[in-house]
Amino acid sequence: MSLNRPAATLLGAVAMVTLGGLPLADAYRAIDLNVIVFLLGLLLMVEHLEVAGFFALTGRWLVRRARTPRRLLVAVVVVSGLLSAFFVNDTVCLVLTPILLSAIASLRVRPLPYLLALAMGSNAGSGLTFTGNPQNMLIGVWSRIGFARFSLHMLPVAVGALAVTAAALLLIYRRDLPDQFPPHDELLEPLGNHPPDRPLIIKSLLLFGAMVVAWLAGASLPLAAIAAGALMLALAQRDPAPVLARIQWSLLLFFAALFVVMRGLDWSGYLAPLEEAAASAVVHGGPVAAAGAISGAMLILSNLISNVPAVLLWQGIVPALPHPEFAWEVLAMSATLAGNLLLIGSMANLIVAERAEAEGVTIGFGEYARAGVPVTVVSIAWGVVVLVVGAAG
């Protein structure tokens with residue numbers, strides 16, 4: 001039917017009401033406006049940074065300072081992970097993929113390892129904060145865990161996952177990474193056709209920093225985000241139309257429709273056996289068994305129905321568990337790192353693959369899995385160990 005994810009989800013939401021019998025009033029109540037407002041505020045901040053040229057400037061700085069192919073690969077993993085932790089992994093992959101492809105074409109090395117480094121690094125790093133990816137945003141709003149507390153617990157998980165990603169890619173693609181770059185021309189300048197707007201970059205980063213400080217001080221996630229986004233529109237001192245046009249409104253539609261679809265499933269009663277089985281598996285085991293059960297379920301569900309719907313399935317389960325904060329953190333960790341398993345595991349992967357395909361570079365399903373499977377298994381195992389030890393302490 002040629003439907004993308006937002007359109008298909010909207011169709012499903014409408015079908016829940018018109019065919020499934022979900023009352024329209026219940027469909028309206030299913031939409032979590034805290035999540036929608038949080039995401040909108042964050043997107044306003046990120047789009048100002050993109051329009052100002054912050055990401056292009058960062059990409060150019062990264063490529064010019066990586067002196068060897070191996071250093072460049074590690075730098076792509078680390079920088080994409082750090083950027084994704086604060087600016088949403090999907091956006092980071094969207095803006096950095098063409099920049100990276102342009103640089104790789106100039107440097108005359110095989111692009112595949114670096115594209116995988118971008119996708120996997122952004123997934124791994126995005127688990128550090130509530131702003132790193134959509135599923136973490138859901139958990140941030142629902143769990144009421146403090147921004148600083150969550151990030152502190154996730155710091156060793158994210159650092160370890162980034163290290164595992166870089167080490168695995170260096171090992172798997174060692175034959176494609178020579179000691180030095182082949183003789184090459186000057187870097188092609190799609191890296192920066194438009195000069196960066198440095199005053200706007202400074203304003204955006206300062207306001208983004210103020211937003212993070214507000215979160216660290218305990219401010220409401222959606223309120224601080226939308227306040228910063230609205231203030232950014234005023235402080236930018238430019239026509240807001242280009243920024244508003246770049247907002248991923250389809251992502252907001254996807255979330256709103258998905259809330260209705262999941263409410264319909266819950267209303268139908270089909271989720272009750274799944275919820276009971278999941279709760280039983282977690283409650284009747286210790287921390288290791290609980291973390292293993294949640295991580296195993298998320299590893300399968302995230303690659304079967306995508307990580308955001310998979311997290312939505314746990315919305316009613318986790319608050320009733322004996323240690324909900326621990327369960328939320330394991331859920332966030334496993335849903336994020338499971339995105340590295342297969343090419344279809346996260347939207348960030350698909351964005352990189354689609355943008356690379358448009359430039360004539362194909363990322364095969366098997367080629368991705370060759371690196372994704374070991375990276376994911378080791379990363380999730382590391383995450384389970386870190387969170388279990390942290391809970392015991």
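Q: How much space lies in the second largest pocket?
A: This is a predicted model: local features need pLDDT of at least 70, side-chain atom pairs count only at pLDDT 80 or more, and totals for chains, interfaces and linings use all residues. Residues are numbered from 1 along each chain as its sequence is written, and side-chain values use heavy atoms, without hydrogens and water. A pocket is an open set of points on a 1 Å grid over the protein atoms alone, with protein on both sides within 12 Å along at least five of seven lines. Volume is the space filled by probe spheres set on the points, joined across faces, edges and corners; for the second largest pocket that is about 390 Å³.

Q: Which element gives the largest share of the lining of the second largest pocket?
A: Lining residues have an atom within 4 Å of a point. Helices are DSSP runs (H or I, at least four residues), numbered from the N terminus. α1, α6, α13 and α18 each supply at least two lining residues. The largest share, 5 residues, comes from α18.

Q: Which residues lie closest to the centre of the largest cavity?
A: In a cavity, a 1.4 Å probe fits but cannot get out. The largest cavity has a volume of about 130 Å³. It is lined by 19 residues, and the closest to its centre are D90, P134, Q135, N307 and M347.

Q: Which element gives the most to the lining of the largest cavity?
A: Elements that give two or more residues include α7 (112-126), α8 (134-143) and α16 (307-313). The most, 3 residues, comes from α13.
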